[in-house]
Each structure stands twice: as structure tokens, then as C-alpha cells.
Amino acid sequence: MGGEIRNGNVEKATISIPEIKFTKLFINGEFVPSISGKTFENIDPRTEEVIANVSEADKEDVDLAAKAARQAFDDGPWPRLPGCERRRIMLKFADLIDENVEELAALDTLDAANLYSFGKAKQIHDGAELIRYYAGAADKIHGTTLKMSSELQGYTLVEPIGVVGHIIPWNFPTQMFVMKVGPAMAAGCTMVVKPAEQTPLSALYYAHLAKQAGVPDGVINVVTGYGSTAGAAISSHMDIDMVSFTGSTETGHRIMQAAATSNLKAVSLELGGKSPFIVFDDADEGIYDKFIAKLLEEVKAWVVGDPFDPNVNQGPQVDKKQYEKVLSYIERGKKEGATLLVGGKPLPGKGYYIEPTIFTDVTDDMTIAKEEIFGPVMSIMKFKTVEEAIKRANGTKYGLAAGIMTNDLNIANTVARSLRAGAIWINCYFAFDYDLPVGGYKMSGYGKDMGIEALHKYLQIKSVATPIFNSPWL
Amino acid sequence: MAARRISSLVSRSLPPLSRDGKQSCLGRGIYRYGTTAAHEEPIKPPVTVEYDKLLINGQFVDAASGKTFPTLDPRSGEVIAHVAEGDTEDINRAVAAARKAFDEGPWPKMTAYERCRIMLRFADLVEKHNDEIAALETWDNGKVYEQSAHIEIPMLARLFRYYAGWADKIHGLTIRADGPYHVQSLHEPIGVAGQIIPWNFPLLMFAWKVGPALACGNTVVLKTAEQTPLSALLAGLPDGVLNVVSGFGPSAGAALCSHMDVDKLAFTGSTATGKIVLELAAKSNLKPVTLELGGKSPFIVCEDADVDKAVEVAHFALFFNQGQCCCAGSRTFVHEKVYDEFVAKAKERAMKRNVGDPFKTGMEQGPQIDAEQFHKILKYIKYGKECGATLETGGDSFGTKGYYIQPTVFSNVQDDMPIAKDEIFGPVQSVLKFKDNAEVIRRANNSPYGLAAGIFTQDLDTANTLTRALRVGTVWVNCFDTFDAAIPFGGYKMSGIGREKGEYSLKNYLQVKAVVTSLKNPAWL
């Protein structure tokens, strides 16, 4: 039994697509072609057509970018500016983002199929606000004076770690960019950013705005290209001090290995998840059937179509590879005996559109219950007791997030503490905040993004000890 | 220097008597500082005074009594403006407005980043109006215009941005308990903050007080010594969040300290007044109090010091802001090995100090703030002479108008002289001799005050030893008066209670609430 999905069949959106201004690598303050001259195609997931040809970075380009970042760190002004000066530049950067909201939102919609109206109304501005959050932190990075057990004066200095590599994914290009670049800038680091090959456009635009804001050359470098070439070059670079990655667990393994075999650079990983969303029954009757009925109603109203259309809830998947992967998981779900409640098919015509799909009667051992699908496929399972829910929710190699729906104080507290996951949302979901750190447990990774915690990845702690004489206190 | 500053207006001859009947002292030789500037007509400041009323609940209003008091131009003693004189009734209205704004208004319920944005906008406005604000500050206060415009107003903007950046980062703890409990400490805004600020750095004192209070989500009643032009720039604030009442200590100030509905009090001023403030708070509703009071801070020049550098920094440490700094380095201890050289150079440096109309380019020192301070400083100079200290240079007022005092240096000062013990708050440097570190530590600490100290040495061990031994809230090593937003400032002993600036200042404006909930089946403890 399937519900009907309306395909938001759009009269072509009346948004004027902006001219793509920046398609070259941004190294040492300049937009330059890759050394090889190669470019790669940037595809519009709504139409499967080429939007732009973007410079393709490889190892030599990464070397240049790392060199620029190294010089900017070792000799340039950025780490030597007081925090209040970095703050000033970052506040200007945030203002420039706010001044260019529409163009940036359009780029993310073109590239990643983020919903345009949401981008314009909130997402891009949130990116600017996150930069402001870290701008305000730049002059508050403190070490500690210590209590020594002998006649020594001791203190820690908290220093920028140096040249940082950021490898960021395609699902939220703006969020991912500012989440990484913001705290690294505040800490006084310099960086080489590799955006996903599917979504290079807004990163290059941000580099342009950063320069306008007064960020010195070499501090932010953007090398667009592929993971296996440019990304690998960053993770194995001998002169990059730290690599911060968000993406699949599979790639996370490779990055950590490359870091290990090269120069043991510090690594932070934000990887995949298979996060449980647990709806508790506070009403003492079985909530399952009521839940399914309501869900079906919601799904019927869900509109799939052109992400530039403000009435659309869901755009296309980001590219052909992801599209095919999601469809193959749907087939597996059917084959392994889950009940297809609604959806399950791609939309006809151009573009990587897939119907919102819901499976019920899913069991823990099914593929769709274990592996990260990264598509609009919901898997619903039934449970009886709180202990069972906890045990099954924790029965995964992942541990990124979890949602708990309950009004019961004890269930909320107990379950929140029992779930082995890095972000627990009680009676909400995707509740992100500038001050709230998020990051995974287990194979969802380590290290935090957002909040003050995110700064730690980009800092090194140095202890300094000096003997003292005749101190009136110890 | 002075020769170049003689303007064409010196067709006016020097009048024979200054305003209190004493001859301007030219007794000991030629003083090369800009005496002529003090005799010229004061430069007309390029601003008008527009804000002379109280700010209560978002409105600019007259005092309930209708009274005003004059603010004077310290260059001439003339009236600049008549400012509303707040008293108990006005304080009551202001506190009521602040209470309502806190309990019912939007301010504490706004998200932190919205508060941050309002504070950032204020900083932007301050920057935009930098020169006007600086001119008003100089006109009111007498501090050199270049200091206002190039140092203090930019610092005001930086301070506000600093505190804006804390607004959305105020954290408590989740705490591990000994049993099955979920424990949080919530850091909540304390409520209505009463703040009393002095006249020596009106705008910076405004930022030190109002900045953290607002960042933490509180509402404020600020009692100022005079009008402040800043109230109007805080336009984005909801009504009642910041209330400003100008007036006098014994009336408006006392009313604020005793008010039963003020949750927190912060005061900067003299130690004598600080005692009264604390007493009133205790007698009324036990509101917590932070005090930033006076000092008699030692500036210690060690035997390995680069004397020329030491002289310059010691000079700045004492004479900055006409000597009107709570943390002025007002006891200059110099090691006997370098003493004679130091004194000679300190004298020379004081003689070169450019004193005159603070609006004139190149001045280093303007007039003292008012007649009361002026006479008090002259009294101490008299004591200095009477006690047998050696007057190296200066020693009197000069000029025919206003409250100008010659940069004065005493040497051979002994610990028991009034000029070595009491806070003078004027351009009077006292130089004392010492033999070794142990002695100077003992003598430096022998004071009821403990605000700050300066140490001049290249020796690592000396720096570390002295730093730890001095019972003061700030030690400056090879520098002085470094006042970055993040550095906590405050006194030991009778120089005060609590710290301002830095993360430490937030504590003053937060209350801690522990929340303990019993847990069922905790997965870990």
C-alpha cells in the first residue's frame, strides 16, 4: 500500500540563477587554475546538466596551498594578531556573508539541492552567526596557571596548532565550511580547505568574502577536487599539522591511516551514523499504530521537487552515485522482507529525485537497519520496554546522535545517559546551536564541532615550568 | 618646547594673581612645560552637550525634584552644562524600571546572541562617533584629547565587543555526584545591578560595569558623577534595561546602595566611600558588593634596570591622566645603585612634561578634575615640603584659570611621610631609596592598599620573586597600565573586593543555582 506523492512539478522556478563567479582554486589570496590545467564538471542534481567547470586540484596544488598556509602561519600576521583583531576581521566576514545571503543560498541550492527558501531565510545567516560566535571566542582562549608540588612556577600556554586541513562534505556546504573554518580562524591557525567535489561553489565564494574582510593571504586556501587525489594529499601531507574531516566512515578510515603513515598529524572525524529516534509511549497504550497513521498523513503532504521552489519540502539527491546507492538500499529492504508502507520509487524524468520512502516491520538484522543509507528512507521498528529500546539503540557500530520523544522525566534522564551517542535530542531533533558541541561516539568519529569544544581541535597545549625562589606561598 | 607654543594670543600679559590669591610659582628656574597654554583662552570644543537628563525606563527625564547641578570645564572653572541631579525618588523610579525590565521584560528572555548583537551594534556606534565622544570626555574631564580619541574610545568599543562575545558562552557545569543524581549548576543573571562609577575614566568605567552586567542578561541602574553621552547610543536596548542617574554620592549613591530591590552593587571610587557602600549594602538587603578602591601602588626599579626606560615608564605610571588613576605608581622605589641617576632623569622628564589645554595637540597633561581635588593635591605638596622631602621640580599650581598643577617630583621620601602613605590622586611623584629585594618587598607591602605594582628588571628570578611576594591585584613587569579587556583587575586588602574585566567579571553578575534530580538506573556515575 503506497501513499500518493505529489511531484512538485514545477513551472521553472522564478529565481534567477546567479552567474557562477568563482571556479578556480584559491591559493595565497588569488584565484588560480590548477597546475595541470584540469577541470571537473559540477552537475546540477535537478537536471543532471553541467553548471560549471571547476579547477581540479591534485597533489601539486595541495603542496602550493600548504606552503602558502605554512608561510602565513610561520611568518605572516594572522597568529600574531591579538584575538581582538582576529575578531574584528571575522565580524567583518560575517557581515559580508549576511550581505550576500541570496547568492550564497542559490549556490548551495544549485550544488547540494539545499532548499533555497530555507537557505535564504535562515541557513546562510546561521553560518554568519557561527562565525560571529567564534569571533567572540578569539580573545578568550586561556591556559592555566598551575598548582605545583615543588618550588616551580607552572603554567600552560594554549597555542594555535598550525596549518590545518579541512575536508568537508557536500550535504550542507555552508554549515560545514563555517563549522570548520570558524574555530580554526579564531584559534589563529591557517588552513587548506577541500570542499566535496559535488559542492565546490560556495566554498570558493566564502574564500573571496574572507579576503574582502581582510583575512591575510595564505590563511584560508581552497582546493577544489576529489578525495582520492586532493583529499588524500592533505591527509598525507608532511607539513600539515592537523586534519579535520566530516564525511563517510569509510573515508574516515582512510584519512586516519594516511595521517598515521605520514607525519602523525592530529585527526578529528565526524562520520556516519545510524541514529535511533525513539518514541516512548507515555500514554500506556500502544503508540505504534497511532504513530504510523499520523506519519502517513504527513508524508502525503510532503512535496518533492525543485529546491528553488518555496513550496517544496525535498529536492533531489546530490548526485548519480548517491541516487543509485539509495535506490539499491530500497531494493534490499524489499528483498529482505521489510514492509514498504509508502514510496520506494525514483521520480520519473530528469534529476536525482526519489520518493519519500517508509519501511515498517524492520528488524535489527536487516541491511536497511544497519547501514547508513543517506537518503529519504525511513525504517520503523517496534519495541516494548525502555531497557529493550536502549539495548537495541546501542546495538550499532555508530554513535552520532539520538532522538528521544517522551514527557517522562525518568525516561528522559535514564535514556539520555544510557545511549552511547554524542548528541541527544529530547523532544526535538536537529536542534543545533552555536554553543552546543556535536560529535560522535564509536565509529561515528571523535572530536567536536560547534561550541567552545570545537576550538580544542585547533589548539596545542604547551607547559612551561620555571624554578622559583623564596615564594611566600606554594 | 614652551617657546614653540607661545601663540600670537600672548598679547595678554600674565595677571599678577591667580584665582586663589597665590602667585604662580616660578621660583626655581625655568620650567619648560607649556605654561603659556594655561593662560590662553581655552579652545572651544567641537561638540555641544546634548544629554543632560536622566535616562529612566527608556526616556530622558528631568530629576523628580527638578534640580540640576553644574558640570564645570576644569580648564577654566566655567559651567559647561547643567545636568539633572538625581536623588532618592529618581533612584526608586530607576530601580522599579530595571526590576520590571528584568522580571517581565524581554531582555533576560532574549537569546544570548541577540544580546550579543545589540552590544556589537553599540560598539559600532561608539566607533562611528569616536571623535565627538572623545571631545565631550575631554571637555568634562580635562584629560588630553588625543588620549580620549586614540586610546580610550577605541578601548570602549573593544570592551563592549569583548563582553558581547561572552554573552552566548556563559557556561555552568554538569557535575558528577556521589550517588544517582543528575546535577547541573545553572549560571543565571543576578537581576538588577546597581553600579556607581567615578569621574576619572567615565567611559571606560561605564564599559567595565555595564558590559558584563548586560552580557549576563541583567538590568542596570548606573549612578554617574556627571552626564554621559553614551546613553543615547544604547538605543537598541529595551526600556528599563539600562537606567542612568547622574547625581551625588550621599544622595543618589546612598539611595542605590540601600535599595531593597537591587540585587548586586558595584562601586569604583575612594576607599573611604567604599566602606560606606559596603555598610549600606549590609544594613539593607545584604546585596553582594564589588569594590574597586584606592591605591598607593609601588613602582620598583631594580638595580639592573635600564634607567632611561625605567624613568619613562615610572613617569607614565604616575603622571598618566593627571595622576588621577586608582592604580597610579605613586611610590617609586629605586635601588640605591641607580638612585641618583634615576632622580636626575625623573626630574628632567617631569620638567619636559607638556601641560596645558587638553584640546591642544601635543599636550601630555591637562587640568585636575575640580577645585576639591586641586586643593587636596596642593595640600599634600605642602606636606611633602614640610616633612623634609626634597622638592626636585614643580610644587605648585600654575595658570590663572582652571585646575592646573605643575608636574611635581619629591625625592628622599620616607615611608612614614603623608605623601608616601596617602593617595594623592595628582601629578606628584615620590621617589624612595631601597637596598635589596627583601627590604623593598616588606616596605611595598606595608600599606593598607594593594591595588597594583610595577617591577622594572631584566632578571628572571627577581621578576618571579617580587611578583609572587607583592600583595597586590596586578603586577606589571617592565610595563604599566596594560588594561586589555581580558585581564582581570582589582585590589587586595583595602583596595577592593572582587575583580573586573576578563572572565572573572562575569561572576559578579551571575548567581549559581544547583539543580539536582534523582536518577533511575544511571548507566554510569
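Is A:Ala113 buried or exposed?

1. A:Ala113 counts as buried, because its relative accessibility is 8% and the cut-off for being buried is under 20%. As a caution before reading further, please keep in mind that this is a predicted model, and every value in this note is computed from that model.

2. When you search for A:Ala113 in the structure, go to the loop of chain A that runs between helix H3 (101-112) and helix H4 (116-135).

3. A second residue with a positive phi that is not a glycine is A:Phe430, where the angle is near 50 degrees. A:Phe430 sits in a loop of chain A as well, here the one between strand E18 (423-426) and strand E19 (445-446). With a relative accessible area of 59%, A:Phe430 is exposed, because exposed means over 50%, whereas A:Ala113 is buried.

4. Turning to chain B, you will find 15 helices and 20 strands there. The radius of gyration of chain B is 24 Å, close to the 24 Å that the globule rule gives for 525 residues, and chain B is therefore as compact as a globular protein of that length. Along the principal axes, the C-alpha atoms of chain B fill a box of roughly 85 × 55 × 40 Å.

5. Of its 525 residues, 59% are buried. If one takes the contacts in chain B between residues at least 6 apart in sequence, 72% of them join residues that are at least 24 apart.

6. As for the surface, chain B exposes about 20700 Å², and carbon and sulfur atoms supply 54% of that area. The charged side chains of chain B comprise 58 positive and 60 negative ones, and the centres of these two sets lie 2 Å apart.

7. The last point concerns the place where the chains meet, a contact to which chain B gives 29 residues and chain A gives 33 residues. Between chain B and chain A an area of about 2800 Å² is buried, with carbon and sulfur atoms giving 53% of it. On the chain B side, the residues that lose the most area to chain A are B:Tyr113, B:Lys169 and B:Arg468, which together account for 24% of what that side buries.

Note on methods:
Residues numbered from 1 in each chain as written. Chains lettered and ligands numbered in written order. Predicted model: local features only at pLDDT ≥ 70, side-chain atom pairs only at ≥ 80, totals over all residues. Heavy atoms only, no water. Helix = DSSP H or I, 4+ residues; strand = E, 2+ residues; numbered from the N terminus. Rg over C-alpha atoms; globule rule 2.2 N^0.38 Å. Buried < 20%, exposed > 50% of the residue type's maximum accessible area, 1.4 Å probe, protein only. Contact = heavy atoms within 4.5 Å. Areas by Shrake-Rupley, 256 points an atom, 1.4 Å probe, with all protein chains shown as cover. Lys, Arg positive; Asp, Glu negative; His and termini not counted. Charge placed at Lys NZ, Arg CZ, Asp CG, Glu CD. Buried area = accessible area lost by both parts, 1.4 Å probe.
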